[in-house]
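Welcome! Let's take a friendly walk through the salt bridges of the structure shown here.

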Amino acid sequence: MSDDDLFNGLDVSWETGDSSDAEDNFVAGTNLKKTSDESVYGDQPDVKVATLGDPIPIEEQLRDALQRGLSPREAVARIGVFRTTRFELGVDGLARDLTDTEAQRLILGQELTGTPSYRLEEQMDDHAVHEEMNVSERVSERTIDNIRDRIPDEKLARFETAAENVARWAEDESVEMADLRDAPDPEAVADGIDAPELVKLTRAMKTTGYACIQLGRTDPYYDKWEVFKPYELASHHNIHPNNARDSLQQKPYYWARKTPTSKALWNQVRESSRGQFRAMFICAFEQYLDLLDRYNLLPGRPDLAVDLTGWPWFGKIDDEDMPDEECEQPGAVEGTKPGRNYSHSWQFATVSLVGTPVPMTFAARSVERRNRRAYHLNQLLNYSEAKFDVGRVFLDKDFYTTKVKDELKERDQDFVITAPRNIGAFKDLIVGTELREDSWNSQPYEVGIGASDAADHYLFVNPSEKRLKRADTGLEDPKNWEAFYTNIDPESVDGGGAALAADYRLRWGIETAYRMLKHDFMPKSATPMQNQRVFLFNWAILLNNMWMGANVLAAANKRDYVPHEADEPLRVKDDQGNYEYTANEFMTALVNDLHPTDIGEVDDLSEKSDILADASGLDLST
């Protein structure tokens, strides 16, 4: 904060002198004198201030100001603070225009009002606060914390003691302190009406998942459940988290309360590394995998889908931001497939369950360089193998590369990848079929080499039901066929290549899920900060998993299903393939529920996560 004119028109000059008594009583200085009765505030009550020869203890000055109806901010703004230490606030580019006196007033006011640093930063965005405190400069949380680190411990202790004594006095004397701590408590429920089932389910889901999001500092004003509200609302309405506050203010709960902004959460996690974000979300996602296992929805050897998913980017693209196959420095965004309504996107590699009514995603990695896809696949499979015995892995065509093939071969992992239709062997295989919709054909094939009788991998073709329905042409048109690359001999599969292709198509449910992810759970973001993008993308996955988890519990409640005691897995969807609750219904219930919910904190993530506990081969840092 600034205190260039914090003395109500007093002309202040500073000289070095003995500070032992003066500092304890906060005498303004050896040359402090009153030069004018005018004030930037207009006419003000006659408030005691420190003057030469009349040292008034800080506590007395504060009590006098508060008794006369001034707010805590105004009271602190009228106190003379004797400077004994040059804090060098301009170091690292922090608040070069902030004076040492302003710094001390800032911390004293923070102590008196019990305001956390990040909340004080938010308040300083309001020009009215500048006027009230006669402060000339906006102050960031980083600056506030920097000041606290540089103020001598003995002076900081005196600030704290003074604030505590004044707070006790105000309570004993029934003096109002217009303080954030005095905000009214919300009503838990209206008229004793119990919450609907879906609301209770959302509470169970966020208690489970949010507990794994480790917050770096405590907040005396916002509880943990509350700091997620701007992100919940932004995800539901597909707006920027920074804009969610305006909508939250319209809810009755916040009519008499300060609403949290996106900074209330981000300021507590922004110092976390990308690896720490990854660990927190992996732990959170795994809680919902365990829920599926509890209700017999997790196969013994689950098949997995690995995808490369783009998050649209509409910002300005500089040449140096564009990574290529061999670039050494990671870029932020990449070009997208032709025909998209956006030209660039942030890329994320994800791994999800496939062939299950609850296709949860349980890990994601940010991919900055295309030539690193095999590495990210390796890490995703390491996560998977730490949790269960992996069946087959179905990959989209972005993974049709020699490096990926070599990685899968080294792991001895069964896989199927969509192959491009522009390779010569593709049309040759179609010609060799009987041109029936249940037809298929295959031959030994090696990516990077081509058709070869010595190859231990296969290329097979099968008609696309979806393309045949949409196209005017028939089976004679190669565009209506699909090509697949695999290490599984189609001849060894019951039903041959047609059955293997049908199993692969089950992963297309994942692509549908990601369209929902971006529509129903993804907030907007224009930030160029990669860590924030990583956080928000994983956040959307978390909400998606929470929605599916809520439907698992809803189905169990509806059918009185007893976990582990039934031979058949829980039936989560109805005959039309629908969940009990839609994504929109879930998000509406989540956003509108303002009942305080006790969200815990998982201190040791590895104790709650099998994946993190088996840390061998896992790289969470990149």
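## About the model

This is a predicted model, in which local features need pLDDT of at least 70 and side-chain atom pairs count only at pLDDT 80 or more, while totals for chains, interfaces and linings use all residues. Residues are numbered from 1 along each chain as its sequence is written, and side-chain values use heavy atoms, leaving out hydrogens and water.

## Salt bridges overall

Searching the whole structure turns up 22 salt bridges (a side-chain nitrogen of Lys or Arg within 4 Å of a carboxyl oxygen of Asp or Glu). Some of them share partners, and in this way Glu286, Asp290, Lys387 and Asp610 are joined into one network.

## A pair within one helix

Lysine 229 and glutamate 232 meet in a salt bridge, 2.9 Å from N to O. They are about one helical turn apart because three residues separate them in helix α11 (residues 229-237); helices are DSSP runs of H or I with at least four residues, strands are runs of E with at least two, and both are numbered from the N terminus.

## Pairs across the sequence

Aspartate 389 and arginine 301 also form a salt bridge, with their closest N and O atoms 3.0 Å apart. Aspartate 389 lies in the loop between α15 (373-387) and β5 (393-395), and arginine 301 in the loop between α14 (274-294) and β1 (303-313), so the pair ties together parts 88 residues apart in sequence. Aspartate 389 is partly exposed, at 45% relative accessible area.

Aspartate 303 pairs with arginine 392 in a salt bridge, the closest N and O atoms being 2.9 Å apart. This pair links strand β1, which holds aspartate 303, to the loop between α15 and β5, which holds arginine 392, 89 residues apart. Aspartate 303 is buried, with a relative accessible area of 17%.

How values were computed: Buried < 20%, exposed > 50% of the residue type's maximum accessible area, 1.4 Å probe, protein only.
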